[in-house]
Amino acid sequence: MSVIALTVNGRAHSLDVDPATPLLYVLSDDLGLNGPKFGCGLGQCGACTVIARGRAVRSCVTAVGTLAGAEITTLEGLGTPERPHPIQQAFIDEQAAQCGFCLSGVILTAKAFLDSNPKASEADIRQAMSTVLCRCFVHTRMLRAIQRYASSISNDAGRKAE
Amino acid sequence: MASRREFLKSGGALIVSFSASAAWLDRAFAQGPFGTQDQRVARQLDSWLAIGADGRVTAYTGKCELGQGIYTAQTQLVAEELSVPVARVTLIQCDTSVAPDQGTTSGSQSTPTNFNEANLAQACATAREALLRLGAARLGVQVDQLTIVDGVIGVQGDASRWVGYGDLVGGKKFNLTLSPTAKRRTPDTWTVLGKPIRRVDMAAMATGAFEFVHNVRLPGMLHGRVVRPPSVGATLASVDEGSIRDLSGIVKVVVNKNFVGVVAAKPWQAIQAAEKLKATWTPGESLPSQRDFYAQLRSLKPSRDTLLVNSQDVDELLAKASAVLKATYLHPYQMHASIGSSCAVADVRDGKATIWSPTQSAYPTRSGAARVLGIPVESVRVIFTRGSGCYGINGADTVSYDAALLSQAVGKPVRVQLSRKDEMAWENYGMAYVIDQRVGVDASGAIVAWDYEGWSPTLGGRPGYDRPGNVITGQLLGFPPAAFTPRTPAPEPGGSLNNNSNAVPSYLAGCIAGRCGGAGTVKGERVLSHSVPSPFFTGPLRSPSRLQNTFAHESFMDEIAAHVKADPVAYRLRHLSDPRLSHVVQEAAKAARWEPRPSPRPGAARTGVASGRGISCVAYEGDNGYVAMVAEVDVDQATGQVKATKFFVAQDCGPISNPDGMRNQIEGGALQGMSRALGEEVTWDDHKVTSIDWRTFHSLTLGAAMPSIESVLINNTKAEATGAGETAITIVAAAIGNAIFDATGARVRKIPFTPERVKAALDARG
């Protein structure tokens with residue numbers, strides 16, 4: 001065991017854990033967060049995704065020790081039901097879920113990708129999403145929601161450039 | 001009927017104070033209530049509805065949200081029938097302490113059960129009539145002088161005279177039985193039902209605020225993991241507890257016959273302990289070879305045979321026919337493969353058990369858990385708590401038993417989530433199928449006789465109330481699965497037509513003793529099904545057997561149409577008698593701007609990318625939803641890669657509760673059907689299942705090429721409401737297969753349509 005500092009959704013934590021513990025269990029058990037989910041434990045489906053150091057990270061296969069000092073954002077760290085983040089609002093507007101279990105993977109993978117590639121093409125987005133699964137197959141709505149968010153940030157980027 | 005006075009003097013407050021967002025999390029009830037039987041009697045209005053002093057409506061349902069949107073639709077139903085805003089309705093679903101026992105949320109039965117003239121819908125109608133009677137008495141006018149707006153009953157033309165629901169019955173029981181004559185609101189007057197209301201849980205899901213069963217956390221809760229056998233049928237020889245002695249956090253190793261589990265303080269500790277625990281197993285019998293499994297299915301014994309129709313003249317008609325066509329269709333075992341592995345939390349202490357479970361079957365799971373735990377059923381409470389989408393019986397029931405057993409062993413609350421492999425290797429798979437089809441056509445090209453013979457393997461299934469051995473945990477504990485009852489030969493069909501999961505093709509007249517219940521015109525008909533023992537557990541997977549049978553029927557219908565050089569749409573219509581099924585076929589064709597001509601497409605090149613279109617349709621279970629689809633595909637003839645580009649779906653499921661919800665179900669069903677058609681297959685070796693993760697079981701990712709989907713919703717308000725969640729998925733494989741044929745002239749009769757199989761079919765073209 002060792003003490004590891006993490007900033008999760010803007011809050012600093014100091015945790016006494018085995019540094020080999022995958023981040024997912026620290027987030028869901030020690031910190032009681034609901035966003036990141038155990039889907040496969042193998043980094044294959046995306047359900048456990050969080051954003052760490054600006055990148056989408058599969059928390060089920062990432063040892064917490066490797067993220068010491070990192071800033072981590074989970075799905076609930078983006079927004080709330082009352083004040084959703086624009087990408088979450090896009091999913092609400094498109095009604096882009098059925099069971100909703102996969103949404104951490106879908107939303108956070110898309111957000112991390114688009115934030116660093118605001119002018120990504122539809123093909124680029126598909127490529128970025130090619131390791132994320134939704135077993136209810138809400139694919140078309142989800143891609144519409146992602147595209148909606150992409151349009152909003154690329155417009156913003158365009159305005160800033162002008 | 002009760003007078004106003006009787007009404008008011010009866011009963012105390014019924015409503016338990018639940019929060020709308022997390023009713024199941026009410027920890028105060030973690031150890032009860034258990035014995036509130038009177039609230040669950042389905043003919044009692046109070047089993048379904050309660051109205052608080054604040055006018056809030058609490059409704060209780062035995063049909064649960066699995067991702068299909070039924071929570072929102074049922075909320076709309078209550079809001080509509082009682083004329084209250086959606087936000088004023090709280091729906092409590094599938095908690096055995098308060099909700100009525102409605103069996104299992106399955107079989108596309110939630111809408112037919114709760115939206116027609118019974119159950120929840122009728123309870124709402126009964127309550128509305130009762131409220132109007134009370135309002136009339138309170139306001140001193142006749143019922144027909146009253147209006148209701150947002151839960152307030154007022155006198156027409158006199159804005160000063162009104163009374164709210166809360167003032168009339170707030171906190172009291174109705175003490176009424178459901179009235180069979182209470183009038184439902186009619187679709188032409190709907191303001192909430194029938195509208196594309198947003199899912200009430202969507203914002204919570206999108207922002208990570210939603211609490212799944214995976215997020216249930218109880219004080220002092222421990223974490224369990226199961227250790228399944230390494231191969232099918234293996235039995236436990238010994239467990240070496242010393243093998244995990246050096247790990248931290250271990251609370252207990254639990255062994256019961258062939259059931260093995262570990263309990264630890266932390267989830268990661270439990271996972272490591274389960275991986276490292278040394279258990280010695282005696283292998284079971286070898287599995288049948290997958291390579292020739294379909295051939296073996298035909299001869300597996302014993303068999304349970306069922307004749308659904310038999311006009312007695314099929315052989316004679318085939319002998320006289322102008323042409324006889326034959327084909328065999330093969331469908332693999334497939335799995336639910338939920339995105340989240342199954343999870344449950346149990347608190348078993350002092351002879352009582354509370355289980356937070358994502359089961360589709362709250363009451364049956366309660367009974368099964370009681371057997372597994374060896375305690376009375378009255379001592380078990382199951383609180384349905386949402387898991388990930390299930391599409392049928394995934395690991396939800398078995399993991400509920402796992403959690404209960406481990407909690408009982410340690411006397412503390414235990415959360416169990418299965419590993420990905422334990423989910424995939426041991427769930428109840430959708431059944432494999434071998435289907436032989438044969439028809440005779442006359443000189444005009446019309447079908448005169450249709451002969452179906454199908455084989456499918458079964459083992460276990462839903463545990464129901466008394467068969468925990470139908471899933472892996474129960475079997476490991478020594479409970480037997482449901483008995484297989486051989487029956488050969490099949491008795492002649494009697495009574496009314498049994499569609500038997502669409503084993504009966506839509507084009508058959510379906511006549512038994514002169515009464516014809518089929519959707520088609522073909523009177524020379526024989527449908528014979530063989531159920532044989534399965535080496536793996538099986539169970540309902542979205543559109544169980546209906547999908548496999550319909551793949552065979554709709555592919556074969558296309559083959560027949562091609563043989564007689566008929567347009568596939570016109571040829572279907574020529575053999576259909578059911579107007580609703582014909583209508584959806586016409587509507588799908590219209591949406592797709594279907595060009596009438598035979599398949600394959602004339603003049604198609606044999607190289608490069610070829611494009612084609614295919615149609616298929618089904619009357620789901622004969623009368624539980626009508627759907628047709630046109631698929632357009634591109635086939636890369638160099639690789640055999642198939643890409644669906646457009647789907648057009650027309651659907652008639654009676655009056656539509658929520659058009660956007662229905663579209664979501666159509667779209668999800670269509671794409672899940674595409675994934676199943678193109679890539680999904682359970683695989684195994686001599687001893688064990690080998691499709692155990694997302695590398696070995698192939699689900700189309702968010703990055704896969706997806707077709708556009710145009711849904712044509714036929715809002716048939718004159719008909720009864722039917723299911724709508726399993727319709728579209730049923731017809732996708734055939735629509736794609738027919739489009740591949742249209743594009744290339746190659747017919748693929750084996751699911752999934754992998755590039756290798758498509759390429760082989762392309763290479764086999766003459």
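Reader: In this structure, how many of the 15 residues of helix 11 of chain B are buried?

Author: The model is a predicted one. A residue counts as buried if 20 or more other C-beta atoms lie within 10 Å of its own. Helix 11 of chain B is largely enclosed by the rest of the structure, because the number of its 15 residues that are buried is 13.

Reader: How far apart are the end C-alpha atoms of helix 11 of chain B, and what span should its 15 residues have?

Author: Helix 11 of chain B covers residues 396-410. At 1.5 Å a residue, its 15 residues should span 21 Å. The end C-alpha atoms agree with this, being 21 Å apart.

Reader: Which residue follows helix 11 of chain B, and what is its phi?

Author: Helix 11 of chain B is followed by Gly411(B). The phi of Gly411(B) is positive, near 65°.

Reader: Which element gives the largest share of the side of chain B that touches chain A?

Author: The contact takes 53 residues from chain A and 48 residues from chain B. On the side of chain B, the elements that give two or more residues are helix 6 (202-206), helix 7 (267-276) and helix 17 (659-678). The largest share, seven residues, comes from helix 17 of chain B.

Reader: How do the residues of the side of chain B that touches chain A divide into nonpolar, polar and charged?

Author: Chain B gives 48 residues to this contact. They divide into 18 nonpolar, 20 polar and ten charged.

Reader: At what angle do helix 17 and helix 18 of chain B cross, and what does that make them?

Author: The axes of helix 17 of chain B and helix 18 (residues 727-744) of chain B come within 7 Å and cross at roughly 40°. Angles under 35 degrees count as roughly parallel, and 65 to 115 as roughly perpendicular. The angle therefore makes helix 17 of chain B oblique to helix 18 of chain B.

Reader: Which residues make the contact of helix 17 with helix 18 of chain B?

Author: The crossing of these two helices of chain B is right-handed. The residues of their contact divide into nine nonpolar, four polar and one charged. Helix 17 of chain B contributes residues including Ile666(B), Gly669(B), Ala670(B) and Met674(B), and helix 18 of chain B contributes residues including Thr727(B), Ile729(B), Val732(B) and Ile736(B).

Reader: Which residues in helix 2 of chain B meet helix 4 of chain B?

Author: The crossing of these two helices of chain B is right-handed. In helix 4 of chain B, the partners are Leu120(B), Ala121(B), Cys124(B), Ala125(B), Ala127(B) and Arg128(B). The residues of the contact divide into eight nonpolar, one polar and two charged. Those in helix 2 of chain B are Gln74(B), Leu77(B), Val78(B), Glu81(B) and Leu82(B).

Reader: Which residue follows helix 4 of chain B?

Author: Helix 4 of chain B has 21 residues and reaches 30 Å from its first C-alpha to its last, close to the 30 Å expected at 1.5 Å a residue. The residue that follows has a positive phi, near 70°, and is Gly140(B).

Reader: Is Ser543(B) buried or exposed?

Author: Ser543(B) lies in the loop between strand 22 (524-533) and helix 14 (546-563) of chain B. Its phi is near 65°, also a positive value in a residue other than glycine. With 32 other C-beta atoms within 10 Å, Ser543(B) is buried.

Reader: What is omega for the cis peptide bond that joins Ser599(B) and Pro600(B)?

Author: Most peptide bonds are trans. Pro600(B) is found in the loop between helix 16 (579-591) and strand 23 (609-619) of chain B. For the cis bond that joins Ser599(B) and Pro600(B), omega is about 0°.

Key
Residues are numbered from 1 along each chain as its sequence is written. Chains are lettered from A and ligands numbered from 1 in the order in which they are written. This is a predicted model: local features need pLDDT of at least 70, side-chain atom pairs count only at pLDDT 80 or more; totals for chains, interfaces and linings use all residues. Helices (H or I, at least four residues) and strands (E, at least two) are DSSP runs, numbered from the N terminus. The expected span of a helix is 1.5 Å times one less than its number of residues. A residue is buried if 20 or more other C-beta atoms lie within 10 Å of its own, exposed if 12 or fewer, and partly exposed in between; C-beta atoms are placed from the backbone. Two residues are in contact if their C-beta atoms, placed from the backbone, lie within 7 Å. Ala, Val, Leu, Ile, Met, Phe, Trp, Tyr, Cys and Pro count as nonpolar, Asp, Glu, Lys and Arg as charged, and the others, Gly among them, as polar. A crossing is left-handed if the near helix is turned anticlockwise from the far one by less than a right angle, and right-handed if clockwise. Axes are lines fitted to C-alpha atoms, for helices over the stretch in contact, and angles run from 0 to 180 degrees between N-to-C directions. Angles under 35 degrees count as roughly parallel, over 145 as roughly antiparallel, 65 to 115 as roughly perpendicular and the rest as oblique.
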